Amino acid sequence: MKNIPSSCVLIRHEGETPRERSTCGWRDLLISRQDSNVAAWAHAVDIDGAREHYHKRATELYYVLDGEGSVLLNGVAHAVRKGSLVHIPPGVVHGAQGRMRVLVVGIPDISDDDLFFPPTKGTGPV
């Protein structure tokens, strides 16, 4: 068995982590930009109308903890409910509708410079 240094182990509890407004709703930063030496980030997000966006480097996994709604992937709505998992590769424009509590995992770790918005009609390329 591999001996892992205790400085690499993280245990967090919802309600005891920083909480902030995001593109998708309110998120609890379970593992995020405040952490070092992590391979991914994980946020518990209360989705309340997620603005469509995409990432050029990050893959995201959405796991619906509670509620239901739809996830938009490149303009196509897909129904989701408690227990649904959505894999979103880099470059896929995505957003969500409905009221859901979602565990969002991003791989690799979070980067503020990897958030992009598609052009709105009539504005031309980004």
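Buried residues make up 36% of the 126 residues in this protein chain, where buried means under 20% relative accessible area, exposed means over 50%, and partly exposed is in between (1.4 Å probe, protein chains only). Keep in mind that this is a predicted model: local features need pLDDT of at least 70, side-chain atom pairs count only at pLDDT 80 or more, and totals for chains, interfaces and linings use all residues. Residues are numbered from 1 along each chain as its sequence is written, and side-chain values use heavy atoms, with hydrogens and water left out.

**The overall layout**

- The chain has zero helices and eight strands, with helices (H or I, at least four residues) and strands (E, at least two) taken as DSSP runs numbered from the N terminus.
- Reading along the sequence gives you β-β-β-β-β-β-β-β.
- Among contacts between residues at least 6 apart in sequence, 62% join residues at least 24 apart; a contact here is heavy atoms within 4.5 Å.
- The accessible surface comes to about 7800 Å², and 54% of that belongs to carbon and sulfur atoms; the areas come from the Shrake-Rupley method with a 1.4 Å probe, and for residues only the protein chains shown count as cover.

**Strand β8 and its partners**

- Two strands count as a pair if DSSP finds at least two bridges between them.
- Strand β5 (residues 59-73) pairs with β8 in the antiparallel sense over 14 bridges, and Glu68 stands opposite Arg99 in β8.
- Strand β3 (residues 41-47) also runs antiparallel to β8 (residues 94-107), joined by seven bridges.
- Strand β4 (residues 50-53) has two bridges to β8, again antiparallel, with Ala50 opposite Ala96 in β8.
- In a regular strand the side chains alternate between the two faces of the sheet.

**Inside the protein**

- The largest nonpolar core has 17 residues, and those with the most contacts inside it are Ile47, Tyr62, Val86, Met100 and Val102.
- The elements giving two or more residues to this core are β3, β5, β7 (85-88) and β8.
- A nonpolar core, by the way, is a set of buried Ala, Val, Leu, Ile, Met, Phe, Trp, Tyr and Cys residues joined through side-chain atoms within 4.5 Å.
- Not counting residues up to four places away in sequence, Val86 touches Glu60, Leu61, Tyr62, Val71, Leu73 and Val80.
- Take a look at Ala44 in strand β3, which stands opposite Leu103 in β8.
- Ala44 counts as buried because its relative accessibility is 1%.
- Leaving aside neighbours within four places in sequence, the contacts of Ala44 include Trp26, Leu30 and Val102.

**On the surface**

- Tyr63, Leu65 and Leu85 form a nonpolar patch with about 270 Å² of accessible area together.
- Patches are made of residues with over 30% relative accessible area and no salt bridge, joined within 9 Å for like charges and within 5 Å for nonpolar side chains (Val, Leu, Ile, Met, Phe, Trp, Tyr); a salt bridge is a side-chain nitrogen of Lys or Arg within 4 Å of a carboxyl oxygen of Asp or Glu.
- Tyr63 lies in strand β5 and is partly exposed, at 36% relative accessible area.

- Most residues other than glycine have a negative phi, and most peptide bonds are trans.
- Asn37 is not a glycine, yet has a positive phi of about 60°; Asn37 sits in the loop between β2 (25-31) and β3.
- Asn74 has a positive phi too, near 50°, and is found in the loop between β5 and β6 (76-81).
- A cis peptide bond joins Ile107 and Pro108, with omega about 0°.
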